[in-house]
Amino acid sequence: MPKRTVLTVLTALTALTALTAFTGCNWYYDKVPSPDDLMKAIPWFDHMVKSRTVHPYARADLPRNTVPGTVPITGGEADWAAEFLSGNTATADRLVNPTVPDATLAQGDTLFHTFCAVCHGNTGAADSPIGRRVGALSLLTDKARGYSDGYLYSIVRYGRGLMPRYGDKVYRHGDRWAIVNYVRKLQAAAAPAAAMTSPTPPTSPSPPR
Ligand code: HEC
């Protein structure tokens, strides 16, 4: 047999093998039905194949804002601003301090000196330079001692008169109660209230920082 014929036969054979292999594969995938194809042929099983595509950000004109009054799924806090700021302390006084005061003192110390001391002074006597200018009241008076914990919590949250609200800065409930507990500690540490009603410098040493 001439060399050339052998080459031609070999090439033809190779081509045939390749063709069979590929068409074999194609035939298998093209012609043998897959179970999925069978399922979707039945109309009420076709929802996986013909489902509606959802593009969450396809519509820019639909803002995904939460509606007013939305609360976290863990529950929210009621809003008694209108009542409290009108001078009615009923809801405020009903609040129960849920904390163990001693456990929050370090936290309360930091928070009080961050948010309150600028006006109410380091000891709560309202003897800071700014406190005098804005008319901040001493937290050591009989009146301030007489407020319920809930009242102090509410004044931190909503402010009162010239005092701005701090609820948006001290937004964790536990942090607000920590401040309440710290104010109580300042009151306990200070000299009896009678001596504090006049704007004299505090007689007690500063609390440990
Ligand atoms: C910008 C200054 C300022 C800051 C900061 C401030 N207060 Fe006041 N606070 C005031 C003023 C002014 C008043 C008097 C409000 C009024 O006339 O009703 C007041 C009143 C109070 C009273 C009522 C005292 C009373 O005898 O009726 C309490 C309690 C109080 N503040 C606690 C706090 C606490 C706690 C913080 C920190 C979260 C704080 N304040 C931060 C200015 C301030």
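Trainee: Which residues in helix 5 meet which ones in helix 10?
Mentor: In helix 5, Leu105, Gln107, Gly108, Asp109, Leu111 and Phe112 meet Asp175, Ala178, Ile179, Asn181, Tyr182 and Lys185 of helix 10 (contact puts C-beta atoms, placed from the backbone, within 7 Å; helices are DSSP runs of H or I, at least four residues, numbered from the N terminus). Those residues split into 6 nonpolar, 3 polar and 3 charged (Ala, Val, Leu, Ile, Met, Phe, Trp, Tyr, Cys and Pro are nonpolar, Asp, Glu, Lys and Arg charged, the others, including Gly, polar). The model is predicted, so local features need pLDDT of at least 70 and side-chain atom pairs 80 or more, while totals for chains, interfaces and linings use all residues. Numbering starts from 1 along each chain as its sequence is written.

Trainee: At what angle do the axes of those two cross?
Mentor: The axes of helix 5 (105-115) and helix 10 (173-189) cross at roughly 90 degrees and come within 8 Å.

Trainee: New topic: how many residues of helix 9 are buried?
Mentor: In helix 9 (149-158), 9 of the 10 residues are buried (20 or more other C-beta atoms within 10 Å; 12 or fewer is exposed, in between partly exposed). Among them are Leu152, Ile155 and Val156.

Trainee: What do they pack against?
Mentor: The buried residues of helix 9 pack against helix 3 (81-85), helix 4 (90-94) and helix 10.

Trainee: And what follows helix 9?
Mentor: Gly159, with a positive phi near 75 degrees.

Terms used. Axes are lines fitted to C-alpha atoms, for helices over the stretch in contact, and angles run from 0 to 180 degrees between N-to-C directions. Two residues are in contact if their C-beta atoms, placed from the backbone, lie within 7 Å.
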